[in-house]
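Please keep the sequence and the structure in view while going through them.

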Amino acid sequence: MRHLVLASLLTLLTACASAPPAPQGPPRIPEQVSKADWEQDMQRFAAQDAASPPPRHGVVFVGSSSIRLWETLAADFPGVPVINRGFGGSELRDSTFYADRIVIPYAPRQIVLYAGENDLQMGRTPQQVVADFRTFVERVRRDLPKVRIAYISNKPSPLRAGLLEAQRQANALIKTEAARLHVDYIDVFTSMLDANGQPRGELFVEDRLHMNRAGYELWRQKVAPYLTGH
């Protein structure tokens with residue numbers, strides 16, 4: 001009898017080990033992603049990849065609308081195989097959750113991340129933002145242990161001038177954590193302030209949130225020294 005019970009248990013354990021994992025349900029909101037709408041962006045990226053496969057071992061720019069709207073990205077960094085995977089309105093944790101679809105498959109040599117501004121706008125604290133930053137780095141390095149990562153600091157904007165102090169705190173925390181994690185920290189915040197410490201309005205389009213060509217030219221100058229192969 002004892003041998004029969006042991007045999008039955010062994011059979012059950014073997015079956016459980018060989019069974020496929022249960023399918024993952026939709027992402028949990030807000031723990032994993034800020035919105036469910038990002039799935040549409042993921043499908044758009046997949047269609048783009050199918051139509052025109054992006055280069056492997058390139059430089060992936062990922063994050064929120066400041067990345068998505070960088071339409072001159074390839075022209076700004078000639079000779080660098082750039083891949084734009086920004087999706088507007090996203091938060092840092094969104095780039096982490098979808099990393100296996102918009103970062104990892106490209107096997108990039110470098111990742112340039114801009115996210116955190118929307119997080120603060122939606123009420124997340126600087127401490128939560130730096131924790132989300134750490135999680136992103138740990139996630140991508142799990143599959144890409146040698147990938148170089150650069151983080152663009154939170155940018156000040158006239159529309160969100162009320163966030164300046166929170167942005168300063170978040171930037172300071174991330175800069176310290178970036179040094180510990182061997183991540184490049186790119187400061188755009190300082191250069192985007194005027195002599196009075198306010199966001200420079202001439203760098204923005206009419207909505208006072210997104211940048212115009214002058215704003216992106218400033219970013220180009222700040223980012224270029226950190227790009228591998230540039």
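1. Pairing of β1 with β3. Strand β1 (residues 59-63) and strand β3 (residues 110-114) are joined in the parallel sense by 5 bridges. Strands here are DSSP runs of E with at least two residues, helices are runs of H or I with at least four residues, and both are numbered from the N terminus; two strands pair if DSSP finds at least two bridges between them. Along this pairing, V59 has Q110 of β3 as its bridge partner, V60 has I111, and G63 has Y114.

2. Basis of the model. The model is predicted: local features need pLDDT of at least 70, side-chain atom pairs count only at pLDDT 80 or more, and totals for chains, interfaces and linings use all residues. Residues are numbered from 1 along each chain as its sequence is written, and side-chain values use heavy atoms, with hydrogens and water left out.

3. The sheet as a whole. The strands β2-β1-β3-β4-β5, in that order, make up an open sheet of 5 strands with parallel pairing. Its edges are β2 (82-86) and β5 (184-186), each of which pairs on one side only. On average, neighbouring strands in this sheet are turned by 20° against each other, direction ignored; the axes are lines fitted to C-alpha atoms, for helices over the stretch in contact, and angles run from 0 to 180 degrees between N-to-C directions.

4. Are the residues of β1 and β3 buried or exposed? In β1, 5 of the 5 residues are buried, and the strand is mostly covered. Buried means under 20% relative accessible area, exposed means over 50%, and partly exposed lies in between (1.4 Å probe, protein chains only). V59, F61 and G63 point one way from β1, and V60 and V62 point the other way. β3 is largely enclosed by the rest of the structure, because 5 of its 5 residues are buried. From β3, Q110, V112 and Y114 point one way, whereas I111 and L113 point the other way.

5. Packing of α8 on α9. Two packed helices are described by the distance between their axes and the angle between those axes. For helix α8 (residues 126-143) and helix α9 (residues 164-181), the axes come within 8 Å and cross at roughly 30°. α8 is therefore roughly parallel to α9, given that angles under 35 degrees count as roughly parallel, over 145 as roughly antiparallel, 65 to 115 as roughly perpendicular and the rest as oblique. The crossing is right-handed, that is, the near helix is turned clockwise from the far one by less than a right angle.

6. Residues at the α8 and α9 contact. The residues of α8 that take part include V129, V130, F133 and V137, and those of α9 include A170, L173, I174 and L181. Contact means heavy atoms within 4.5 Å. The residues of this contact divide into 11 nonpolar, 2 polar and 4 charged. Ala, Val, Leu, Ile, Met, Phe, Trp, Tyr, Cys and Pro count as nonpolar, Asp, Glu, Lys and Arg as charged, and the others, Gly among them, as polar.

7. Two loop residues with positive phi. Most residues other than glycine have a negative phi. A107, in the loop between α6 (99-102) and β3, has a positive phi of about 45° although it is not a glycine. H182, in the loop between α9 and β5, likewise has a positive phi, near 60°. A107 is buried, with a relative accessible area of 14%, whereas H182 counts as exposed at 68%.

8. What does L159 touch beyond residues up to four places away in sequence? L159, found in the loop between β4 and α9, touches D207, R208 and L209. L159 and R208 are 49 residues apart in sequence, yet 5.2 Å apart in space, C-alpha to C-alpha. L159 counts as partly exposed, at 47% relative accessibility.

9. Overall figures. The protein has 10 helices and 5 strands, and 47% of its 230 residues count as buried. Of contacts between residues at least 6 apart in sequence, 74% join residues at least 24 apart.
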